[in-house]
Amino acid sequence: MGVATDMDGIQLEIMWSNMISIVDDQAKALKRTAFSPIVREAGDLATALFDSEGRMVAQALTGTPGHINSLGAAASKMLKVISKDELYPGDVLITNDPWLSAGHFFDITLLTPIFRDSRIIGFCGSTIHHTDIGGYGVGTGARDIHEEGLWIPVMKFYIDGKPNETLHTIIRRNTRTPIAIFGDLGAQFASGNTGGERLNAMCERHGLMNIDDLSAEIIERSENATREAIRELPAGTQYGESMFDVPGGDIITLKTAVTVDTDEGEITIDFEGSSGPSDLGINVVEAYTHAYATFAVRSILNPDLPNNAGSLLPIKLKLPDSCIINARYPSPVNARHVVGMYVPFPILKAL
């Protein structure tokens with residue numbers, strides 16, 4: 001059976017605490033076993049737990065917004081490429097597609113399906129920054145994305161518990177630091193397995209066959225609470241603008257029109273009027289823009305609520321087709337953080 005829909009608050013709080021412990025254990029396993037100081041010491045990572053539909057239910061209390069919120073969207077995008085019907089015990093998915101994950105090749109996402117009695121009950125995901133992925137390396141000088149490194153489409157990194165040797169060989173021969181990158185990929189693999197074991201143990205303790213009802217309850221409550229917080233704001237549209245310089249001396253402008261709809265309990269952020277695409281590798285993909293935009297709203301609106309698919313749903317984005325924060329293929333995006341980390345500022349000014 002699943003979870004009873006009339007569960008009381010104490011039951012929900014106990015199982016929610018269990019879920020937070022699971023994703024924190026994922027993060028701890030990742031930091032303990034990673035090779036790179038950027039993961040072990042700087043905490044440049046994100047781990048999250050997803051339900052069987054790929055919706056983020058819980059995230060670890062660590063990581064950067066660009067990783068956390070983009071990971072929240074990556075799972076469902078990856079499952080559109082390789083569906084859960086094509087996954088079996090021991091399989092692990094991988095990608096560093098900038099438009100599906102965290103915005104540039106350095107950030108690699110792994111997604112591990114969690115099975116219980118031969119059925120997928122959820123997924124454990126992680127995104128971390130890797131030190132090298134070949135190509136141009138760190139910098140803004142690539143002329144298009146293909147100069148920036150190895151592009152890993154959504155593939156099976158492990159198949160039936162065994163390495164996908166063809167893919168492993170391709171990655172190994174396209175990075176300057178193969179030992180470090182496979183050490184960190186191994187840490188992500190271990191993190192996913194840790195999360196899967198913890199989730200099955202939780203289900204065993206509470207007599208659950210799946211977490212469908214539990215995830216639906218958490219996501220619905222998070223969404224409703226976010227909409228209620230938005231309804232407490234003054235209705236209408238407010239405007240914000242930020243200007244800053246970037247390598248090369250160009251001035252970038254980000255403009256926002258932030259509309260609060262108190263009837264629907266939604267916030268819409270329109271970036272019309274922002275700077276157009278750049279020839280430098282500072283362009284930002286939609287997923288990374290969404291990550292930092294939602295971070296800005298969540299930080300001041302209701303930061304104590306769980307950050308999951310429900311609490312992010314009422315925050316909508318409108319992005320111009322030709323815009324530096326809505327990069328189109330084959331725009332270079334290697335240093336997307338140079339612009340992406342400024343996304344919150346015009347939103348905060350408007351609010």
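Author: Here is a walk through the sheet, then the helices on it, then a few other spots. Keep in mind that this is a predicted model.

Let's start with the sheet. Seven strands make it up, in the order β2-β1-β5-β4-β3-β6-β7, and the sheet is open, with antiparallel pairing. At the edges you'll find β2 (56–59) and β7 (162–163); each has a single partner strand, so one side of each has no neighbour in the sheet. One of the residues involved is Leu-45, whose bridge partner in β5 is Ile-128.

Helix α1 (residues 9–33) packs on it and touches β1, β2 and β5, with a direction at about 140 degrees to that of β1. Helix α5 (residues 178–206) packs on the sheet too, touching β1, β3 (92–95), β4 (107–116), β5 and β6 (155–159), and its direction makes about 30 degrees with that of β4.

These two helices also meet each other. The axes of α1 and α5 come within 8 Å and cross at roughly 160 degrees. An angle over 145 degrees counts as roughly antiparallel, so that is the label for α1 and α5. Their crossing is right-handed. On the α1 side, the contact includes Ile-14, Met-15, Met-19, Ile-22 and Leu-30, while the α5 side includes Ala-187, Thr-194, Arg-198, Leu-199 and Met-202. Sorted by class, the residues of this contact come out as nine nonpolar, nine polar and three charged.

While we're on α1, have a look at Leu-12, which belongs to that helix. Leu-12 has a relative accessible area of 9%, so it counts as buried. Setting aside neighbours within four places in sequence, Leu-12 is in contact with Met-7, Leu-214, Glu-217, Ile-218 and Arg-221. Some of that list takes you into helix α6 (residues 212–231), where Ala-229 also has its place. Ala-229 is buried as well, at 14% relative accessibility. With neighbours within four places in sequence left out, Ala-229 is in contact with Leu-301 and Asn-302. Ala-229 and Thr-262 are 33 residues apart along the chain, and their C-alpha atoms are separated by 9.4 Å.

Another helix pair is worth a stop. Helix α3 (residues 65–81) and helix α7 (residues 286–301) pack at about 125 degrees, with their axes 8 Å apart. That angle makes α3 oblique to α7. The crossing of α3 past α7 is right-handed. From α3, the residues that take part are Pro-65, Gly-66, Asn-69, Ser-70 and Lys-77; among those they meet in α7 are Tyr-288, Tyr-292 and Phe-295. By class, this contact has six nonpolar, four polar and two charged residues.

Last, a strand with two contrasting faces. In a regular strand, side chains alternate between the two faces of the sheet. Strand β11 (residues 315–318) has Ile-315 and Leu-317 on its covered face, and Lys-316 and Lys-318 on the uncovered one. β11 pairs with strand β10 (residues 266–270) in the parallel sense, over four bridges.

Note on methods: Residues are numbered from 1 along each chain as its sequence is written. This is a predicted model: local features need pLDDT of at least 70, side-chain atom pairs count only at pLDDT 80 or more; totals for chains, interfaces and linings use all residues. Side-chain values use heavy atoms; hydrogens and water are left out. Axes are lines fitted to C-alpha atoms, for helices over the stretch in contact, and angles run from 0 to 180 degrees between N-to-C directions. Angles under 35 degrees count as roughly parallel, over 145 as roughly antiparallel, 65 to 115 as roughly perpendicular and the rest as oblique. A crossing is left-handed if the near helix is turned anticlockwise from the far one by less than a right angle, and right-handed if clockwise. Contact means heavy atoms within 4.5 Å. Ala, Val, Leu, Ile, Met, Phe, Trp, Tyr, Cys and Pro count as nonpolar, Asp, Glu, Lys and Arg as charged, and the others, Gly among them, as polar. Two strands pair if DSSP finds at least two bridges between them. Buried means under 20% relative accessible area, exposed over 50%, partly exposed in between (1.4 Å probe, protein chains only).
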